[in-house]
Amino acid sequence: MAEDTPPADRFARRLRGALRRDAKRLLTPGPSTVPMLMLGPQVPDDAQVQQVLDLCMRIGEIELSSGESVDEVTATMLRLANAAGLPAVDVDITFTSITMCCHRGNAAQPVTTMRLVRYRTLDLSRLAETEQIVRDLEAGRLDVRAASSRVSDVVRSPHPYPRWVATFGWAGLAASIALLLGGGPITATAAFVTTAVIDRIGRLLARWGVASFFQQVLGGFLVTASTILLISIGLFPAGTRPSFIVAAGITVLLSGLSVVSTVQDALTGYYLTAAARIVEISLLSAGLLTGVVLGLQLGFQFDVPIEVSGDLPSSVGQFGLSVLSGALAAAFYALAGYAPLRSLPIAGAVGAASWAVYGVLTQVFGIGAVPATGAAALVVGLAAGLLRRGTDTPPMVVTLAGVTPLLPGLAAYRGFYQLAVEGVSEGLVTVTIALAIGLALASGVALGQFATRPRRRPEETPTSGDSPSTGSGYMLAPDSDAAESQAAPADSK
C-alpha cells in the first residue's frame, strides 16, 4: 500500500511529522537547559546597591575633605565596596565631587551616584574613627547598616576637644617653630600669643563666610604688623630675632595647605585633582604673600623694618633644642588637628626624627636644604607606612605632623622680604627655593609611603566573582572568568 501512495503525499507526511517533533522539542524544556536557567544572573537589588554606595560615598567624602590623596580615597572605597558585596564598581573623584557606579552585568542596569564635597575641615580623630569603621567592616565585625549608623554618629559628633584646645595647639606650634629656628623665650612667647589671636580672628572670619584667600591675607598681615608693634614698643632686647615670629606664623599658615596630597595625586596619575589642588595652594600662598608684604610696607612707613635673620645657630645645644622643638611642633600640630590623644607621642617622635635627619645632613655633612628636606621627608613617609601596619594611627596624622617642622616658613619669609625690599629678581629666586623645598617634602613622603605600601599578590586581587558572603557575583555561565575589579578611575587621570 505504501508503494501506491504518491511521492508527494509521503513527503508531506514526513514534513508534518518533523515539524511536530521539532515544535515539541522546542516547547518542552530539556535536561540540558535547566542548569543554565538555574545559573542565571544573580544581581544585587537596588536597595542593597544604594545602601552600599551611600556608605562608600560618605566615607570617601570624609577622607577627601580631611586632605587624603585621591589614590588613597579611591582604594578605600573600592575595598569597602568589595567587602560589602559590590566588587564590580568604578570610582571617579575630582577635587570637589565623588562619582561611583556599580555594574550589574547584562541582567540589570548599572547604578550611578554622585556626591559633592562641600566643606574642608581638619579633624584627624574623625578620620581615625572612619578608618576603624572600614577595618571593622572588612573584618566582618560590622554589616553595612551598622557601619552606616556609625558613620552618621561620627559626622554628627562634635570635635573631641574644645576649640580653645585647637587654638592652644596652633599657638604651641608657632612657639615650637620659633624655638626650633633659634629664637629665645621672648620670641617664642610672642609667637604663641600672636598666633593665638590670629587663630581666633580666623575662626570668626570663617564663621562669617569670608573666603580663605582673604583669611590668608589678613593672617599674613597680622603676624607681620603685630611683630612690628612689638618691636616699636621695645619688647625685644638686642640680640633677639623678631623675624622668627613672622617665620613661625607663616609656617602655621602654610601647614594647612595640602602640598603632600597634591604631589601624591600628580604622581599617581590623578592630574585633574592635582591641578585643582595646585590652584588652591597658589591662591592661598598668594594671599599669604600679599598680607606679609603689606605688613612689611607698613613697617617701612614707620621706620620699623623686620630684617631677615642670618644663618641659623648650629651648636650642639641648639641642635638638641631644635630636635625637641621639632617633636613639640609635630605634637602640637596633631593636637590642633583634633588627633586622638594616643597618637600625639607618635607624631612627636616622627617630628623629632625628621628634624634630626635634616639637621645632621645640613649641619654635619653640609648637604643643601632641598635634598636634606627630601631625605627627612622620606623618613616621615617610611614611618607613616610602617606605623600603619603595626598601630591604629592613621598615616595622615603621622604625615602631616611629621612634615610640620620641615615646612619652609623662614625661606618663604626671606623671599617675601626680598620681594618687598630688594627687588623681584632676588625675591623670586628665594621663593623658588622655598617651592623646591615644598616639592621635596611632598615627594619624599610619597616615596616613603610607596615603599612601605602593602603589595597584593595576584591571587589576592578581588574580582567580581569573589563576592565575600553576599553571593552577588555576576556568574552568567559555568566556569566563566570573573572580571577584575577596577583599580583606579579613568576620568580623574
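Predicted model: local features only at pLDDT ≥ 70, side-chain atom pairs only at ≥ 80, totals over all residues.
Local features were taken only where pLDDT is at least 70, and side-chain atom pairs only at pLDDT 80 or more, while totals for chains, interfaces and linings use all residues. Residues are numbered from 1 along each chain as its sequence is written, and side-chain values rest on heavy atoms, with hydrogens and water left out.

Let's start with the rings. A pair of aromatic rings is described by the distance of the centres and the angle of the planes. Here, rings of Phe, Tyr and Trp (its six-membered ring) pair if their centres lie within 6.5 Å; planes under 30 degrees apart are called stacked, over 60 edge-to-face, and the rest tilted. That rule gives 8 aromatic pairs. One of them joins Phe 300 and Tyr 417, which sit edge-to-face at 6.5 Å centre to centre with 65 degrees between the planes. Phe 300 belongs to helix α12 (residues 271–301) and Tyr 417 to helix α17 (residues 409–421), so this pair ties together distant parts of the chain, 117 residues apart; helices are DSSP runs of H or I with at least four residues, numbered from the N terminus. Phe 300 is partly exposed at 29% relative accessible area, whereas Tyr 417 is buried at 10% (buried is under 20%, exposed over 50%, partly exposed in between, with a 1.4 Å probe and protein chains only).

Tyr 417 also pairs with Tyr 413: the ring centres are 6.3 Å apart and the planes at 50 degrees, so this pair is tilted. The two tyrosines are 4 residues apart in helix α17, about one helical turn, and Tyr 413 is buried, as is Tyr 417. Elsewhere, ring pairs link Phe 168, Phe 192 and Phe 332 into a cluster.

Glu 131, in helix α5 (residues 124–138), is buried but has no salt bridge, and the nearest side chain of opposite charge, Arg 135, is 4.2 Å away. A salt bridge needs a side-chain nitrogen of Lys or Arg within 4 Å of a carboxyl oxygen of Asp or Glu; Lys and Arg count as positive, Asp and Glu as negative, with His and the chain ends not counted. Beyond its neighbours within four places in sequence, Glu 131 is in contact (heavy atoms within 4.5 Å) with Glu 63, Glu 68, Pro 394 and Pro 395.

Finally, the backbone. Most residues other than glycine have a negative phi. Asp 303, however, has a positive phi near 60 degrees; this residue lies in the loop between α12 and α13 (316–336) and is exposed at 66%. Tyr 338 likewise has a positive phi of about 60 degrees, but in the loop between α13 and α14 (344–364), where Tyr 338 is buried at 3% relative accessibility.
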